[in-house]
Amino acid sequence: MKPEFYIARRFAFNQRSVSKPTFIVLVAVMGIAVGTAALILTLSIVKGFASSVENKLISFSAHLQIRHPEEQLFQERRTDLASIEHNANIANASPFLEKSFILQSRSRGQGDSWRSQPVRIKGIPEEQRKVFLKKFLREGSFALPDPDEGIALYVGQTLAENLNLTVGKKVMLVSPKGNSSSKKFITDHTNIVDLLSSLDLELGIIRGIYNTGLQEGFDDYIIIADLKELQHRFNPMMISGYDANVHQLDQLPNTVKEVTGALGIPCYGYTVFDRYANLFEWLKLQKNISPLLIVTITIVAVFNIISTLLVLIIEKTREIGMLSALGLEPGKLSTVFMVQAFLISLSGIVAGNIIALFLSLFEMRYHLITLPEKSYFIKYLSLLINPVDYAVVSIAVMAFTMLFAFIPARIAASLKPGTAMGA
């Protein structure tokens with residue numbers, strides 16, 4: 001072992017008792033450990049939250065949708081579906097039909113009253129409906145009732161709470177016939193008889209309640225139904241578009257262009273990232289804060305190590321003078337304190353990684369930290385353990401520490417033997 005490495009180890013971890021190193025070194029190691037753990041946990045929380053919300057949005061909605069302009073209905077064609085599925089990146093594709101309604105529910109109690117709320121019913125094929133319900137269904141069953149009883153509906157938990165809906169309850173669905181806009185619908189009918197005759201009135205029965213955790217615009221608005229049943233009652237052989245999922249999300253923009261190019265005008269497509277752009281931008285903003293967090297906490301660790309080394313220089317002034325008098329060169333004396341900085345930083349970084357990993361696993365196992373789902377879309381604090389984050393934080397803290405440890409190291413090397421010995 002080189003003399004400067006041995007001296008650095010003795011300076012950094014010189015024992016004043018049987019088992020305890022110097023107090024200042026212990027404080028420095030703890031400071032770096034806490035800073036490293038805090039930074040890793042922050043990155044894990046930010047990325048874990050973003051990943052959880054993204055997965056919910058992607059699992060609730062298809063990766064891409066193909067529609068006609070102004071959401072016009074068009075005829076379902078097997079050739080169109082085959083053209084979409086022909087793309088190498090498409091995992092699966094299916095038609096869907098959407099229709100807007102006013103859902104009315106009767107509340108029994110002190111005087112019967114009716115509650116109503118605008119909703120959008122989305123009819124999807126049986127296979128896709130079962131896949132969705134296996135993930136999110138909380139109450140009810142997959143089996144559809146007798147069509148004569150009404151349209152089988154699967155409502156979000158928020159909507160069910162707002163309208164006091166339960167499994168098996170019957171509701172009224174009210175909608176203009178066709179695809180008329182609300183303004184045209186009102187102006188085209190001058191009396192109440194014409195107005196009522198131009199309405200679609202259907203009976204629905206709640207077959208299940210799902211919960212995605214996405215409250216506004218999802219669980220309080222979207223109702224899932226069977227595609228064939230919706231087509232049979234309202235728009236035979238017509239659909240609103242095609243849903244499709246892909247194998248590789250990073251290729252999604254190119255896939256949309258290829259699919260729409262193959263289908264031709266008037267078809268157009270958009271991705272789940274386009275449809276919910278505001279939410280994804282919000283998540284991206286949180287991710288963009290990460291570099292600022294790294295710099296901020298690393299600077300705290302840097303000043304921590306600088307102050308520690310300066311205290312050690314003051315504490316070891318006589319020893320420094322003695323080493324200089326014995327012929328230890330200034331460059332090697334500087335190396336002694338650089339090695340000290342490395343050893344202290346390494347100890348703190350290793351301890352910080354262990355603390356962060358332990359706390360992450362503990363929280364993921366027991367879910368001690370809960371969140372209001374209506375505000376954050378998730379019930380529990382979500383963490384993402386990424387080895388890359390651990391490595392980046394560790395390297396960043398070590399690099400900044402070694403960079404700024406050069407200042408106290410040069411101060412130690414510049415001490416004159418006479419001055420140091422007389423201190």
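In this predicted model, glutamate 70 lies in the loop that links strand E1 (64-67) to strand E2 (74-75). Its phi is near 55°, a positive value in a residue other than glycine. With a relative accessible area of 72%, glutamate 70 is exposed, because the cut-off for that class is over 50%.

A positive phi of about 55° also occurs at asparagine 164, which is not a glycine. This residue is placed in the loop between helix H5 (157-163) and strand E7 (170-176). Asparagine 164 has a relative accessible area of 40% and is therefore partly exposed, a class that spans the values between 20% and 50%.

The two residues are set out below.

| Residue | Phi | Relative accessible area |
|---|---|---|
| Glutamate 70 | near 55° | 72%, exposed |
| Asparagine 164 | about 55° | 40%, partly exposed |

A further backbone feature concerns the peptide bond between isoleucine 265 and proline 266, which is cis, with omega about 10°. Proline 266 belongs to the loop between helix H10 (252-263) and strand E12 (268-271).

Strand pairing can be described from strand E4. Strands E3 (residues 90-107) and E4 (residues 113-124) run antiparallel and are joined by 11 bridges. Within this pairing, isoleucine 102 stands opposite proline 118 in E4. E4 is also joined to strand E9 (residues 222-226), in a parallel arrangement, by five bridges. Here isoleucine 121 has isoleucine 223 in E9 as its bridge partner. In a regular strand, side chains alternate between the two faces of the sheet.

Definitions and conventions
Residues are numbered from 1 along each chain as its sequence is written. This is a predicted model: local features need pLDDT of at least 70, side-chain atom pairs count only at pLDDT 80 or more; totals for chains, interfaces and linings use all residues. Side-chain values use heavy atoms; hydrogens and water are left out. Helices (H or I, at least four residues) and strands (E, at least two) are DSSP runs, numbered from the N terminus. Buried means under 20% relative accessible area, exposed over 50%, partly exposed in between (1.4 Å probe, protein chains only). Two strands pair if DSSP finds at least two bridges between them.
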